[in-house]
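Here is a short briefing on one model. Look over the sequence and the coordinates first, then read on.

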Amino acid sequence: MKNKLSIFALALLVMVPAVISAQSLKSDYFVTASYDRIKLNPAFAPHNGYIGLPLVGDLYLNVGSNMAVNTFLIPLNDGSGKLGTFMHPDVSPERFLSNLESQNYLHADFSTSLFSYGRYTADRNGFWNMGFSMRTESDVNIPYEFFDFMKSGMTSDNTHYSISGMGLTQSVYMQFSAGYSRRINDNLRIGANIKILSSLIRMDLNIDRMDITMTPDEWIIDTETSLDVAAKGFSFEKDEEDRISSVNMTSLPGMAGFGAAIDLGAEYRFGGILEGLNLSASITDLGAVFYGRNNLLYAESGGTVNYTGFKDMDYENMDISGQVDEITGLFTEMVNLKESAPSSGVSEMLPASFRVGAEYEFFNNILSAGLLYTGRLNERKMYNELTLSCNLRPSKTFALSCSYSFMNIANSIGWALHVTPPYGINFFVGSDYTYLKYSTYYVPLDDTFFNVHFGVSIPIQGGKMRRAN
Amino acid sequence: MVKLSKFLPLCLCTAAFSSCVDADYDLRTMEIDTTVSIGGDNLAIPIGVTDTVWVASFMNFDGSSISVLEDGTYAMYQEGTEFMQMPSLDCSGLKQNNIYIDRSVSLLPVSGARQTDLPPVEFSEDFKFGITMELPREVVSLDSIEFSKMMLHMRLEPSYGFSGTADCDLTFDFGDDFRIEGGITENIYDYSKNDVTFPLDIYIPVRAILLDGSVVDSRFEWSGNVTAGGDICFRNLESLPSSIEMTVSLENITPDRFTGRINADIPVTTFEYRLENLPEIFTDGDVVPDFYNPYMQFDIVSNLTMPVTSFVNVHSYSGGHPSDMNFSIQLPYTDSEQESAVSYEISKYKVSSSPDVVHIEENLSQIMNPVPDLFVFDFSPVISSEEPCVYSVNEEYQAYLDYSFYIPFMFGKDFTVSFSEKIDNISSEVSDLLRDNTLSLYGEFTNSLPLDLHLVLVCLDYAGNELPVRSNEIIIPSSDSNGKESKSSFTARMEGNTDENISAIELRFTASGNETVQGLPVNEKDFIIVKLGARMEGGFITDLNKK
């Protein structure tokens, strides 16, 4: 079970950089017209109530990776004017590997709101919101040593690689949330949000350890591989040697894990000589997800493959393709997973986030500047980020924000555009990670942090619309 | 403000999306070179270890006429039995002899007085003999003729009316002309007996007549002399004979064998050893077949009574070109007609440890370069002219030759053969690998053969033509002088370029002897084992677009 927990923890570690920006825009934090910023601080309330359109009410796509396209596609210096892959013989290992970090991840997540709704209370001091959304996440983590192995290969007659932490994670969640924000007085506003999480499926495939030793006479590969699946209504199908061959659906899929979380927030708007200065703070995702024992599948494999070539080769009738098949079979044997029964269910803490924001409004609140600190804590590490923001609110129906984030994750420029007329259709679009260097077809270079957030909603209570304060 | 709100995002977007296009990554015009190098600059792949490759498979002995001797040594080998014709003389003339002899002598004239006892009659008479015989024309000279049944018959017969007995004390002196049997002292036959009655017959077996060797026109004439003497003392005479006649004759004079010089033509015995279905290593390429010690063994049994020397001519033919070797052997013979045997081994170095095997040192390897496809053995027996021959008139002389011819696979230091092994049906992936990469094969050879091996790998196209992709020469040392296998590391770098598809890899071997292991046999238990790896300089380079 200890292994299982560590595997889940590793998966979370892999996810962290992307989760920081998950499902809401930092650039929206100081955009008062945004109903999406409630996710960042439940004390916030938009200008008006809203009904999000199904599927497009809150559409979010995020791709994050510390690997960039120009890490893997490199202009060749042979005068051909071509690009070469990182495996091209003219691309030196030093050139390729210098652009990699110790852990190289690729995260992609997508979420959509199936239903969202928010409205002010009759006295205009409280704001209710609720939503039902679906989210998928995919994570791949490839350690530096694996790329070193791929690119450098055998560098001497005794080459050793120790690869750990390579994995693939896939998960699908449903989330129901309900929140309430209340103005306490003219200066203070607080809010809370409760989330009910339902995990439909979660799968982690990890090569926990792969030690590769290569000599001219022998290749030794020592591996530990594990597969965690949290899913209801699934089972492993095994062959006659008890090796897992596929995953079968045995009943209708259901809720594999259940969880709950709470978000808390507050906003203080100064008056007097400090009027125009607003401070806010929030903590979100305080909670956990529990996976029941009956919904967990666990498999592992391990051992050493010692490849010294083929024994008893028939050199007169050398079947090279058959021997290649034998090699393939040999390496396949390394990942022949065998099921182990989990002893109990698993609880998984959600990575909580802390945010502290300071904003100062100028020119009768048409322009503001803000500074947002975001901290996210998981079991192993604290991630910090500062976002500088410039917010333009030229009218009640239009808002624009530009931001610059730096520190832990990646230095990036963000922006958000909100069009919020009191009647008809409201929409917003924005991104926290806008890459500035790209190839034609807008393929990002240098780094791969990109997200886009888009939403269309129908404003309600528009006649009573007012600027949030 | 409204205008600002409209233009500001536009400006920002324009700035963001148009000013930072990296010209090095213009994907509209740039191609992506999909050549990849896998495995690193020093990629070495252990390919494996071959099964034990026995020499029969390795040198393509299977299906050939190669034999395996009892000790496991490979050899080309043939054995057989041949009947050798021996001298046969026409001896019919010997039976048509002419004999001359003094037939009778009157010993005692007796008066008419009646006497009961007379004084002994003493006498000494010479009897002359003469024999003339037709001889086989091959007989050059005669030393003696032997008889098994010939008798000298002497009869003493008194004249009519005689009665009584006598005491005889007689001596027959055969001199040097006869050889008699029984009662012999210096070729003198003594007859001493009392109270003999008459007529008295005395038979003396004569076994040989001795000759001076002279033969003229296949005919010999012989004359001899026997002196008979002694005394006869009559007893109890009732009547006195008027005379006693002594008669001498030779009976049963058909000769059984004779001794002399014979000059006979004996038919040549010829047989062949055809080397068919030899392994290609001995028929193809530049072969230097330095066989270390090929040998022949002849086991000959005969009933000869004369010294016969057989001159042996061994002719080897390779593509019609002959090589010859000559030597002689002495066929076995005895004085009697009993069978006798002798064994010969003809080789450079004696193989048999038996002291009964006569070794004739001849280097048969000299007539095996190039490797013959046919051996012809001619046996030409000649009766010795130096020694007297005994020829039995009634004997049919025969000789049987059991021969065996071994060409064991033991090689000298100059031995060299070439052979090849082809690895066919190279897949396109391997073809590309060989074509696009600089490949080095490395590993270890275990070689128990008493031969140095030289190996070159050559790539072939589909038509079997040699492509300019080949390895350097790998030298695989032979086993040591005790036959213990050698282990040697090797590296073979495949060099050269070609645009052709590679269909096969030919392993071209040259096996050669050396001074250390010359003479060690190639045994059926000899083997090679190859532990093989491949090193690709710069890694395995391939263009994924070609797939």
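Which residue of β1(B) does A:Gly84 stand opposite? The residue is B:Asp33. The model is predicted.

- β4 of chain A covers residues 83–85.
- β4(A) pairs with β1(B) in the parallel sense, over two bridges.
- The open sheet has three strands, in the order β3(A)-β4(A)-β1(B), and its pairing is mixed.
- β3 (73–75) of chain A and β1 (32–33) of chain B stand at the edges; each has a single partner strand, so one side of each is left without a neighbour in the sheet.

**Helix α4 of chain A**
- α4(A) spans residues 144–152.
- Its buried residues are A:Phe146, A:Phe147, A:Asp148, A:Lys151 and A:Ser152.
- Their cover includes two helices, α2 (69–72) and α3 (93–97) of chain A.
- Strands β5 (103–120), β6 (126–143) and β7 (159–183) of chain A are also among the elements covering them.
- A:Gly153 follows α4(A), with a positive phi near 60°.

**Chain A overall**
- Chain A has five helices and 23 strands.
- Of its 469 residues, 54% are buried.
- Take the contacts in chain A between residues at least 6 apart in sequence: 68% of them join residues at least 24 apart.
- The accessible surface of chain A is about 19,400 Å², and carbon and sulfur atoms account for 62% of that surface.

How values were computed
Residues numbered from 1 in each chain as written. Chains lettered and ligands numbered in written order. Predicted model: local features only at pLDDT ≥ 70, side-chain atom pairs only at ≥ 80, totals over all residues. Heavy atoms only, no water. Helix = DSSP H or I, 4+ residues; strand = E, 2+ residues; numbered from the N terminus. Buried < 20%, exposed > 50% of the residue type's maximum accessible area, 1.4 Å probe, protein only. Contact = heavy atoms within 4.5 Å. Areas by Shrake-Rupley, 256 points an atom, 1.4 Å probe, with all protein chains shown as cover. Pairing = 2+ DSSP bridges.
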